[in-house]
Every structure is written in C-alpha cells, then in structure tokens.
Amino acid sequence: MNARILIVEDEPAIRELIAVNLRHAGFMVSEAETAEAARVQLDAGLPDLVLLDWMLPGQSGVELARRLRAESRTAKLPIVMLTARAQEGDKLQGFDVGADDYVTKPFSPRELLARIRAVLRRAAPETSEEPIEIAGLRLDPTAFRVRAGERTLDLSPTEFRLLHFFMKNPDRVLSRAKLLDNVWGDRVYIEERTVDVHIRRLRLALAPGGHDRLIETVRGEGYRFLPR
Ligand code: CA
C-alpha cells in the first residue's frame with residue numbers, strides 16, 4: 001500500500017514541485033494551501049504523513065502542528081515541517097511543537113524523500129514490512145493475516161506477533177525472556193510461563209496443516225522456529 005501524504009504549502013510552485021516528486025516516488029498526494037484547508041481534509045480522513053510549511057497565511061504551520069499534537073486523533077500523525085528559515089532557534093521550535101523532522105528550503109527532492117521515508121519507517125515499522133513465507137506458511141504483516149496453503153489462520157494479536165517474531169528469526173533459539181521483550185514489550189511484567197501458554201495456542205492453530213512441528217521446544221533454553 002502506498003503511503004498518503006498531505007502537503008500544506010501556500011506557494012503553488014513549491015507545492016506543485018513537491019507533489020510531482022512525491023507522486024513520481026509512488027506516494028498518494030493531496031494538497032492544501034492553508035492550515036484551514038488542511039483541517040478540512042484531515043477531518044475527512046488522516047494521511048500517513050503531513051508535510052507542513054512553517055509560514056502560511058492565516059494560521060501558521062507551527063500553530064497547526066501544535067493543535068494536531070494536542071488532539072488525540074492526530075497526536076501521533078507524523079509531521080515534517082518545511083521552512084525557509086534556517087536559524088537553530090526555529091529548528092528547535094519546530095521540534096518543540098512536535099514535528100518529527102524539519103527540512104529547510106531550498107532542499108533537493110532526493111533529500112526530502114529520504115526524510116519522509118525515514119519518518120514513515122519510524123512511525124509505522126509494521127506497515128513497511130514485507131510478507132514472509134516459510135514452509136508453506138505465509139504471514140502478511142500489513143494485512144495482519146497468516147495463510148497455511150489456502151487456509152487463513154485465526155490468530156489472536158499476541159499469537160500473530162509471536163509467529164511474526166519467530167518467522168523473522170528462523171532457526172534461532174529464542175529464550176522466553178527474549179520472546180517476552182520482543183512480542184509483549186519490555187515494559188510489561190508478565191511471567192515467563194505466559195509464553196508457554198501462547199506457544200501452546202499457536203501450535204494448536206498451526207496443527208491442522210501440520211505446521212505446529214515448525215515450533216520446536218529447546219529444553220532448558222526456549223523455542224526455535226524451524227526454517228523448513
Ligand atoms: Ca509559505
């Protein structure tokens with residue numbers, strides 16, 4: 001799926017130049033001349049990233065960024081600020097209002113694209129991941145779907161993340177502690193036995209196609225996902 005980018009820039013020549021380059025790079029682009037026009041578009045649907053000019057007639061880009069950050073619906077919307085002013089103080093203010101990055105005019109299209117891609121990667125690592133296929137199991141992180149041959153497996157979010165982590169690390173012994181850190185997150189306190197419970201459920205879900213044999217118990221160590 002191509003990322004959608006909203007360009008908020010009042011200078012038509014610059015807006016058009018950016019739009020042409022982003023479309024050429026495969027992004028879906030929409031445009032707004034003012035912060036007010038951007039609000040109308042954002043109310044109708046959220047893009048994956050907003051490219052926001054600092055100086056706009058009416059409400060400034062900085063003010064719009066601040067308001068977007070203050071609302072829960074848009075608090076995590078990735079924002080890249082554009083500005084003609086290169087002073088350090090402005091840059092700091094840009095980050096202060098919550099911009100994810102900051103590009104100073106004039107910039108090369110290549111530099112802008114690199115910054116946009118980096119921000120999108122940081123914002124949504126899951127959506128940029130490619131499907132993985134091992135031993136007849138196909139996991140699509142974007143669609144949140146696992147297929148065993150023609151069959152779609154019914155997995156809980158935790159079992160899905162567990163299987164995803166296994167498939168990204170085939171043929172490696174993974175301790176329960178490592179699985180907890182990567183699948184549950186290291187800020188959550190959960191007993192290591194919980195891992196075994198979810199492994200059991202995951203094996204049950206994989207059993208009809210015989211894929212449960214891919215998850216091997218390594219006595220005293222943890223688990224290993226066999227690559228074939
Ligand atoms: Ca401007």
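Select R138 and you will find its bridge partner, R147, in strand 8. Before going further, note that this is a predicted model, where local features need pLDDT of at least 70, side-chain atom pairs count only at pLDDT 80 or more, and totals for chains, interfaces and linings use all residues. Residues are numbered from 1 along each chain as its sequence is written, and side-chain values use heavy atoms, with hydrogens and water left out.

**The sheet**

Now widen the selection to strand 7 (residues 137-140) and strand 8 (residues 145-148), which run antiparallel and are joined by four bridges. Strands here are DSSP runs of E with at least two residues, helices are runs of H or I with at least four, and both are numbered from the N terminus. Two strands pair if DSSP finds at least two bridges between them.

Contact means heavy atoms within 4.5 Å. Axes are lines fitted to C-alpha atoms, for helices over the stretch in contact, and angles run from 0 to 180 degrees between N-to-C directions.

Look for T158, E159, L162, L163 and F166 of helix 6 against H198, I199, R201, L202 and L206 of helix 8.

Then bring in helix 7 (residues 176-184), whose axis comes within 9 Å of that of helix 8 (residues 193-206) and crosses at roughly 75°. Here R176, L179, L180 and W184 of helix 7 meet T194, V195, D196 and H198 of helix 8.

**The calcium ion**

Finally, which residues coordinate the calcium ion? Select D10 (OD), D53 (OD) and M55 (O), at 2.1 to 2.4 Å. Donors are N, O and S atoms within 2.8 Å of the metal (3.2 Å for Na, K and Ca), and water is not among the atoms, so sites may look incomplete. D10 sits in the loop between strand 1 (4-8) and helix 1 (12-24), and M55 in the loop between strand 3 (49-53) and helix 3 (61-70), so the pair ties together parts 45 residues apart in sequence.
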